[in-house]
Amino acid sequence: MIESQGLSKRYVLRYKNSHEDLLFSSMFRFARRAMGRPEPEQPGSEHWALKDVSFEVQPGEALGIIGRNGAGKSTLLKIISRLTLPTEGRVVVRGRVGSMLEVGVGFNPDLTGRENIYLSGVILGMPRVEIRRRLDEIIEFSGVRPFIDVPVTRYSSGMRIRLAFAVMANLEPEILLIDEVLSVGDAEFRRRSSARMEELIRGGRTVLFVSHNREIVERLCDRALELDRGRLVSIGATASVAEHYEAATGGVDTTNAYASYEADTSKPMCVREVSVLSPLGDCSGELDMAQPIRIRIGYDINEDIENVNVFCRISTGDGVTVLGSSDADFDPANLGRRRRGSYTAAFDIEGSLLEAGSYMVTVSVGEPFVKVFDRRADAVTFQLVDRSSRRRLWYPTTRPGLVGREYPWVYEGRLPWS
Amino acid sequence: MTTHAEQNMIDAAVESATDVADSAPFAAGSSNRYEITIDQSRGGVLARLREAFDLRGLLWMLVQRDIKTRYRQAALGIAWGILVPAATLAIYWFVFGYLLGRLGTGDVPYVLFLFPAMLGWKYFNSAIGRASQSLKRDASILSKIYFPRLLLPVASIISPTIDVLLGGLVLVVILIATDHVPPWTTVFVPGFLLLGAVAAGGLGMGLAAFNAHYRDVQHFLPVVLHLGFFCTPVLYGSDRMPEAFRLLYAFNPMVTVCEGMRWAVLGHDTPLTLAMGLVSTAVAFVMLFGGLWAFMRFERNVVDVL
């Protein structure tokens, strides 16, 4: 059972140049306080990630949490999983909590797969004896049995994720906190893992489930609550909350920043992989709008071929195309003869070109104006969020428009401020 | 290559220790045990210590991880645990025992004089180094899952004991080579090590919390440890310190730890007095409680900072 009363969390955004974090200034403040002097005003602005959120989850009930990026969903999960303290209010949690905020918590690359099952399992709160009992099941589910005694460094990233998920899927706590991170791996594994998630959620546990995806929430949760800018805006039967959310946001809000496809040798060229990455290589699909975005495309050429290109289109959630780009744009010579093989190419879109919001990427390969060999419409979806613009300090919602740049205004003559 | 058998032995030993410590806290089924209220208060210190104690199964896993990963991926593996102290000893012996002349006392060979104290200091040194980095090193776990954060620095002061054990093998070789039979007082070695662990634990916890907020620790800690090394009777005996200052000298708990380990292994006369031992012990416990207090204060909001 979970019972939340007036839960609030405040973050203070400090301007970059304040000396808040330096040792000496903090000693200075401590000394001032010790002498009974008030603390000097710190420059910065407050941000309530959660404000006055109250709700209850009965035992055995699954509650979905929906809301846009930055609505406070993750903050709520963080507080309930005790990662951070609320600023006001409280939550009472009755039962053993298991949180699935990320796959692979506690994995150590130098340890073998088997050792990592124990380590990660115990960190996630599974008793060791139980891990031993379920070891076979976990290894079976992960599908990496032949490599189970090999250090995880030598695993492919797909194998690592499968093993990590297999550990997590065998947690059986009374209360389950799930963030929607769990659609990982190849298509087959994704199907199995989401089936396992459903099993866990439906298995009579108390569940808090955070998702962008309305359909999944509707399928799995009895009730839902919607957050918007830290406030609870609606709570009740999933269908009505989801409807309210849909009406408020006006469309899809899913992120799926990685897609891969089976090789199709019947076509001369085919798209194998599309992903959207942050400069750090993060492909969570939630990117800082101020940072460059990398679109990476993997494709196969199955026979030597001429006059072809790879074309990528980025459009907004409501279908407006924002830009199109081809791998022959900068050098038309690229249209020449291409050899068969597997290739990966990427291009970067500079930071702040696009406004915060959700975008989709369509990729096609073929002969320009003549023939499309393979086309993946809306292959991936990503979210640009505003984490660093200046205006967000006073203008908390998304600006209308497609271009995300900030422009300085210059006054001619007298200034209106004294 | 040569080290698999040894590695497996250690793994097995650690694992069986884990089994015993494990099961109990989880087995109790009633969910009332797990009722928690999360609010802005940090919760009582005792309740939090108890929570950490309940999860000692996790503590052992962390210790096991530390030990296993330390020597993996190295061609010589766990042999390093023996080579490093042996090489360090050789260097110190060459510089201080040979080049600069004997700093030891009496008829004890310098190597034998040096080594027990060196083991004590090495343990302290690496325990503090690891503990102070413990929160930062596992920041990725801390930001994803809750467990009593105290377990991380505590695991860091337990895991270097493996180095002491390996160093013990070198000691055995030295004892045989110098034809010295360890006296009954050797049984006190773990006691002195424990005192070192208390001091290292206190400092390590304090520094870990501090290090999460201020990166200054990683810069000044090596300097302080270097100074500490020379303020501790490792290369020389405490009898070099004027008698009037010995009590003051003992405010460094490592004085008692190192001098004590030397006495325990050699069984000779020692400049260490009971008064010095009590001062050191008192200081070590003050460090422990101070470190614990600092750690508890910083612990709960550490995720917002890391």
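In what sense do S4(A) and strand S1 of chain B pair, and over how many bridges? In this predicted model, the pairing is antiparallel and runs over three bridges, with S1 of chain B covering residues 36–38. One spot to look at is A:Val92, whose bridge partner in S1(B) is B:Thr37.

Chain A puts in 35 residues and chain B puts in 32 residues. On the side of chain A that touches chain B, strand S4 (88–93), helix H3 (113–123) and helix H4 (128–142) each supply at least two residues.

Strand S17 (residues 357–367) and strand S18 (residues 371–385) of chain A pair in the antiparallel sense, over ten bridges. Here A:Gly366 finds its bridge partner in S18(A) at A:Val372.

Over in chain B, a pair of helices is worth a look. Helix H6 (residues 110–137) and helix H11 (residues 217–230) of chain B pack at an angle of about 170°, and their axes are 11 Å apart. Angles over 145 degrees count as roughly antiparallel, and so H6(B) is roughly antiparallel to H11(B). From H6(B), the contact is made by B:Trp121, B:Asn125, B:Ile128 and B:Ser132, while H11(B) brings B:Val217, B:Leu221, B:Leu225 and B:Phe229. Sorted by type, the residues of this helix contact come out as six nonpolar, two polar and no charged.

A last stop in chain B is B:Tyr71, which lies in helix H4 (residues 56–71). Is this residue buried or exposed? B:Tyr71 has 20 other C-beta atoms within 10 Å, so it is buried, given that the cut-off for buried is 20 or more. Setting aside neighbours within four places in sequence, B:Tyr71 is in contact with B:Gly77, B:Ile78, B:Trp80 and B:Gly81. For B:Gly81, ten residues apart from B:Tyr71 along the chain, the C-alpha atoms of the two are separated by 8.2 Å.

Technical notes:
Residues numbered from 1 in each chain as written. Chains lettered and ligands numbered in written order. Predicted model: local features only at pLDDT ≥ 70, side-chain atom pairs only at ≥ 80, totals over all residues. Contact = placed C-beta atoms within 7 Å. Helix = DSSP H or I, 4+ residues; strand = E, 2+ residues; numbered from the N terminus. Pairing = 2+ DSSP bridges. Axes fitted to C-alpha atoms, helices over the stretch in contact; angles between N-to-C directions. Parallel < 35°, antiparallel > 145°, perpendicular 65-115°, else oblique. Nonpolar A, V, L, I, M, F, W, Y, C, P; charged D, E, K, R; others polar. Buried ≥ 20, exposed ≤ 12 C-beta atoms within 10 Å, placed from the backbone.
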